[in-house]
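Here is a short report on a predicted model.

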Amino acid sequence: MQDYTHSCKACGKKYKACNACNEIKSFETWRSVACSMECYQLWMTLIEFNCGRITAENAKEYIDSLDLEGKELNEDIKIVMKRIDKVIAESKKEEKPVVEPVVTYRSKKNKKRKLQKKLCK
């Protein structure tokens, strides 16, 4: 049997796998994409995030649960992971405090009302 060398889409590591998996058209097998199940799960999580099927928070949570210790990831993967972090950071910045209007009076003689906005704590 011949050895076929594939390149992992997540970490770039070369690995041996037969080409029989490449001939399956109904779905993509993990051995045709990645060198390990962890790399495949990372790859699929990033695909799901890029397609908008999962949120950045869900992707980050799932990636953090993977055992990627000691793996050197591709630059493309690092870029997407940085994008996930950026989306999460921006969503936290956008959380603004609720503004409630509070009615105060200038004087009783004047009876002019002034609407003052006060930030809720």
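A residue counts as buried under 20% relative accessible area and as exposed over 50%; partly exposed lies in between. At 29%, Lys60 is therefore partly exposed.

**Overall fold**

The protein chain holds three helices and four strands. Read from the N terminus, the order is β-β-α-α-α-β-β. The chain has 121 residues, and 23% of them count as buried. It exposes about 9600 Å². Carbon and sulfur atoms supply 52% of that area. Take the contacts between residues at least 6 apart in sequence: 40% of these join residues at least 24 apart.

**Cysteines**

How many disulfides are there? The count is zero. A disulfide is a covalent bond between the sulfur atoms of two cysteines. The cut-off for a pair of cysteine sulfur atoms is 2.5 Å. For Cys39, the nearest cysteine sulfur belongs to Cys8 and is 3.8 Å away. Cys39 is therefore in no disulfide, because 3.8 Å is not within 2.5 Å. Cys39 is buried, at a relative accessible area of 0%. Cys51 is partly exposed, at 48%.

**Salt bridges**

The structure has five salt bridges.

| Pair | Closest N and O atoms |
|---|---|
| Asp64 and Lys60 | 3.8 Å |
| Lys60 and Asp85 | 3.2 Å |

Start with Asp64 and Lys60. Both lie in helix 2, residues 56-65. They sit four residues apart, about one turn of the helix. Asp64 is exposed, with 52% relative accessibility.

Asp85 is partly exposed, at 36% relative accessible area. Lys60, Asp64 and Asp85 are linked in a network of salt bridges.

Now Lys78 and Glu75. Both lie in helix 3, three residues apart, which is about one turn of the helix. Lys78 is partly exposed, at 27% relative accessibility. Glu75 is exposed, with a relative accessible area of 53%.

Key
Residues are numbered from 1 along each chain as its sequence is written. This is a predicted model: local features need pLDDT of at least 70, side-chain atom pairs count only at pLDDT 80 or more; totals for chains, interfaces and linings use all residues. Side-chain values use heavy atoms; hydrogens and water are left out. Helices (H or I, at least four residues) and strands (E, at least two) are DSSP runs, numbered from the N terminus. Buried means under 20% relative accessible area, exposed over 50%, partly exposed in between (1.4 Å probe, protein chains only). Contact means heavy atoms within 4.5 Å. Accessible areas come from the Shrake-Rupley method with a 1.4 Å probe; for residues, only the protein chains shown count as cover. A salt bridge is a side-chain nitrogen of Lys or Arg within 4 Å of a carboxyl oxygen of Asp or Glu.
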